[in-house]
Amino acid sequence: MNNNHRLFVVLIVGTVLLLLVFSVLTSNMSTGLLHFGEPRKFFSMVWSRGGERNDSIAAQDNDTTTTPSHVKTVFKMATAWLNISAVPHLRLEAPPTEIGSPRWQRLDNGSEALVYAAHYDDVEDLPVIRIVGIARVPLPYENVTCLYFGERGLDDFRFRDQGRLYHFRGKNGRNCRWEELLTGWKPDEKRRYIGSFVDCPLRKGDNDRPFAVSVTKGNDSILENYLPIHYSCEESCTNITQGSTHSSNDRKVQRSSEKLPRWNITRCFPAFFGKFDDQKHLVEMAAASLVLGVDKFVFYVESVGPNVSAALRALQKLGVAEVLPWNMHWRDPVVYYMAQFSAIQDCLYRHLHSSRFLLFGDVDEVFVPRNESSLLPLIQQYFAAKPECGAFLFLNTFYYLTLATAAPPTNRSDIVKDIWRRHMDMLQHTNREVKIFGPRSRSKPAVDPSRVEVGSVHANEKYRGKFKECTMDKKDALLHHYRAQLAQKQEVTTNDPTLWRFAEDIIRMTDTITRTISEIV
């Protein structure tokens with residue numbers, strides 16, 4: 001074979017290989033394995049020497065599409081290519097969202113840490129941008145660079161500063177005994193994540209509030225994320241103080257505490273995943289909670305079935321629910337309960353000043369006052385009587401849906417008929433365990449968000465300043481936990497129809513929600 005023939009064969013083989021590589025890459029992108037949203041870009045920060053501010057950002061490709069600037073413009077993330085071998089079976093795909101809506105993004109191209117949302121925290125003397133995320137165990141790195149942008153997006157670079165990545169459940173993830181007991185996880189297991197914060201400082205005396213922040217590993221020059229900063233009272237508080245400025249051209253820092261919260265009681269839920277589709281109990285819980293004084297729900301959604309999807313849209317239409325994407329699609333269980341602890345922190349900081357109180361719980365739980373007409377006066381009285389408290393734990397008791405229903409505690413046949421016709425489990429089943437669990441054992445907290453730094457499931461991890469944990473007296477309120485599983489024979493039960501005090505209102509609220517669902521479907 002002469003040289004010309006050899007050259008021809010080499011060209012043919014090289015062309016085939018290039019076509020194969022291109023085919024694999026485009027296939028991965030179309031299946032979502034590489035999806036962050038379009039357009040995909042490479043951005044490089046032109047760093048200055050000596051830590052000075054630098055306003056130059058260069059795009060290293062030929063795509064001239066710019067990041068949208070208006071708050072209501074559809075947000076499409078720009079990011080670097082992902083090394084998918086670092087974290088098998090992870091997808092971060094999500095539908096296009098309005099700018100400002102949170103979504104999971106990578107902090108680094110090895111997916112050692114992921115970030116979800118950035119929140120402005122001004123409770124302490126020095127404000128900070130606190131970013132909710134997850135990171136590997138042990139902590140892969142600590143030093144990060146925070147890049148701040150104005151409302152024009154990546155073309156509006158303001159300044160940069162040094163930030164810190166850390167696990168919020170103990171130093172370098174070592175304080176994980178509770179999770180170990182539940183999951184059997186060992187600290188040396190690979191591909192394991194727990195909840196984390198990134199703290200990005202704001203300079204004292206700088207009155208210009210940044211619109212967004214990007215976080216990079218160390219001094220990495222590639223931007224993997226872009227996080228619009230959530231200011232808790234920006235659009236979610238009432239009684240705006242005179243003289244405050246909120247125009248897009250003049251975003252001045254104002255203490256959010258000068259405004260009144262929009263909501264009194266907000267209920268936060270862990271992420272729905274696995275195509276969760278129990279519409280019946282979701283509607284019952286929502287109806288009972290609204291009657292008892294909750295005025296907003298926050299749902300995080302990885303995946304739900306069509307029935308729950310319709311219920312969530314109905315609650316949104318009624319103006320009582322915020323539904324946020326939880327685009328963390330794992331095929332392997334490398335993070336406990338779909339990053340439940342991160343969802344708790346996000347809801348906490350999302351309502352730092354916009355809700356007076358937060359309740360954390362699941363769909364099968366209802367916070368029930370036993371003497372007061374609603375939750376708000378009860379919680380207010382407790383915080384007023386004990387101003388040193390940052391949260392009050394509602395003690396848990398189980399109501400078993402598998403036990404025979406007791407005789408209705410009313411002579412009103414019309415109410416009884418309505419409840420049985422609708423198969424309303426939470427009103428039909430009034431037999432509960434005699435046992436009431438103690439604090440931190442299946443309890444759920446009612447929180448003043450400005451007094452808690454790190455929330456958790458059954459209590460709180462860390463309080464601000466000298467605030468501490470307190471417990472709601474079981475004579476005043478209980479957490480009703482409705483269980484579908486069989487009750488054990490040794491469990492002693494008692495008939496407790498406390499929820500029937502609100503039966504008529506719950507029926508009406510249930511009808512309102514189901515009617516709205518039918519209008520949507």
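**View 1. The loop around proline 138.** Proline 138 sits in the loop that links strand S8 (128–136) with strand S9 (143–149). Strands here are DSSP runs of E with at least two residues, helices are runs of H or I with at least four, and both are numbered from the N terminus. Look at the bond between valine 137 and proline 138: this is a cis peptide bond, with omega at about -5°. This is a predicted model, where local features need pLDDT of at least 70 and side-chain atom pairs count only at pLDDT 80 or more, while totals for chains, interfaces and linings use all residues. Residues are numbered from 1 along each chain as its sequence is written, and side-chain values use heavy atoms, leaving out hydrogens and water.

**View 2. The loop around serine 111.** Serine 111 belongs to the loop between strand S6 (105–106) and strand S7 (113–121). Its phi is near 55°, a positive value in a residue other than glycine.

**View 3. Helix H3 against helix H9.** The axes of H3 (residues 279–291) and H9 (residues 503–520) come within 8 Å and cross at roughly 130°. Axes are lines fitted to C-alpha atoms, for helices over the stretch in contact, and angles between N-to-C directions run from 0 to 180 degrees. The contact (heavy atoms within 4.5 Å) includes Val283 and Leu290 of H3, along with Met509 and Ile513 of H9. By class, this contact has 10 nonpolar, 3 polar and 1 charged residues. Ala, Val, Leu, Ile, Met, Phe, Trp, Tyr, Cys and Pro count as nonpolar, Asp, Glu, Lys and Arg as charged, and the others, Gly among them, as polar.

**View 4. Helix H4 against helix H9.** Here the axes of H4 (residues 306–317) and H9 come within 8 Å and cross at roughly 110°. H4 and H9 are therefore roughly perpendicular to each other. Among the residues in contact are Ala310, Arg313 and Leu315 of H4, and Ile517 and Glu519 of H9. The classes come to 7 nonpolar, 1 polar and 3 charged.

**View 5. Helix H7 against helix H9.** H7 (residues 413–422) packs on H9 at an angle of about 45°, and the axes are 11 Å apart. H7 and H9 are therefore oblique to each other. From H7, the contact is made by Ile415, Asp418, Ile419 and Arg422, and from H9 by Ala503, Glu504, Ile507 and Asp511. These residues divide into 4 nonpolar, no polar and 4 charged.

**View 6. The largest cavity.** A cavity is a set of points, on a 1 Å grid over the protein atoms alone, where a 1.4 Å probe fits but cannot get out; lining residues have an atom within 4 Å of a point. The largest cavity has a volume of about 90 Å³, a volume being the space filled by probe spheres set on the points, which are joined across faces, edges and corners. Helix H5 (residues 340–350) gives the most to its lining, with 4 residues. The lining also includes Phe269, Asp362 and Lys444.

Notes. On a 1 Å grid over the protein atoms alone, a cavity is a set of points where a 1.4 Å probe fits but cannot get out, and a pocket is an open set with protein on both sides within 12 Å along at least five of seven lines; lining residues have an atom within 4 Å of a point. Angles under 35 degrees count as roughly parallel, over 145 as roughly antiparallel, 65 to 115 as roughly perpendicular and the rest as oblique.
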